[in-house]
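Hello,

Here is the structure you are taking over. Please open it first, then read my notes below.

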Amino acid sequence: MASHLELQAMRRAIALSAHGLASTSPNPPVGCVILDAAGQPVGEGYHARKGEAHAEGNALLAAGAAAKGGTAVVTLEPCNHVGHAPACRQLLIDAGIARVVIAVIDPTSRGEGGVAELRKAGVSVETGVLAEEAMFVLGGWRTALTLNRPIVTLVYAETAEGRMSAFNRIPSSRDLLLSADAVLYADGHLEEAIPRSHGPGMIHLPEDPIRLGHRDLLKTLHTGGVRRLLLDGGSDLAAPFLAAALVDHVVAYLPDRGPSASPGISEQGLIPDGFYLTGIDRVPRYVKVSAARNDGERQDHLSPSS
């Protein structure tokens, strides 16, 4: 059973892993904390982008010699293959790590998996530690792999004319870009959510996305490394995605119209049919409403608003 110090370290690793949102795709955002033999934190790290060091490598670099005989607390199973970075399970073994605490098993692990190789090397391994909490960061990546398409979040502002672009009206709505890989704007323009955040050649976006059609577009984006996509309001843009049940989350902004006003609700309603509320917050001059599709099949943590 994970100790109190290991649980604390795991929650810190989960928080650290979120620094990789909007930059690690197609890789998962992962965090790691190294505890020394006495259980005290001596190093931490996260994966910033594909092609650069993984979370374990960064945490071991910070820990140095203090890692020997210690524990690695990591949000995702250490990888078991050599790619742009060394195999993380081998880095842990070479550093003399005695114990590894893992939140989520990697569904893409090669061979027998990192856990099996660590155990073969005599390392104590515990899995499933705070896995549900780790999914607040890893959920979008893992679900996108399962669906073979990006997780799609529709973002809009409610107006008297209906659902309109939020990014052009509400500065705080642009915070959602910090957790997304790409955004499709209402005018059909597609771009990386945070320009140049993924590194050169890691994300590939089609030049004329609208011509592809909504299903082919999502397939193309997934192949190109996109795991989280935002749709920038506009009923015409959203309609085919909603009709095909390809929108997973909604973030709607309700303007402050004073304590006494006529309803001002469009015929479309505040959120689309088939969605349920997951959160409501105040932002400057608006109420931010978050919702998820009620498909009765999965419970995940996909929304960049969470």
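One definition to start: Ala, Val, Leu, Ile, Met, Phe, Trp, Tyr, Cys and Pro count as nonpolar, Asp, Glu, Lys and Arg as charged, and the others, Gly among them, as polar. This is a predicted model, where local features need pLDDT of at least 70, side-chain atom pairs count only at pLDDT 80 or more, and totals for chains, interfaces and linings use all residues. Residues are numbered from 1 along each chain as its sequence is written, and side-chain values use heavy atoms, without hydrogens and water.

The pocket comes next. On a 1 Å grid over the protein atoms alone, a pocket is an open set of points where a 1.4 Å probe fits, with protein on both sides within 12 Å along at least five of seven lines; lining residues have an atom within 4 Å of a point. The lining of the largest pocket has 25 residues. Asn27, Pro28, His54, His81 and Thr108 lie nearest its centre. The lining divides into eleven nonpolar, eight polar and six charged residues.

Now the helices (DSSP runs of H or I, at least four residues, numbered from the N terminus). α1 (residues 4-17) packs against α5 at an angle of about 10°. The two are therefore roughly parallel (angles under 35 degrees). Arg11, Ile14 and Ser17 of α1 make the contact with Glu133, Ala134 and Val137 of α5 (heavy atoms within 4.5 Å). These residues divide into three nonpolar, one polar and two charged.

Last, the strands (E runs of at least two residues). β1 (residues 31-35) and β2 (residues 41-46) pair in the antiparallel sense over five bridges (pairing needs at least two DSSP bridges). Leu35 stands opposite Pro41.

Best wishes

Notes
Axes fitted to C-alpha atoms, helices over the stretch in contact; angles between N-to-C directions. Parallel < 35°, antiparallel > 145°, perpendicular 65-115°, else oblique.
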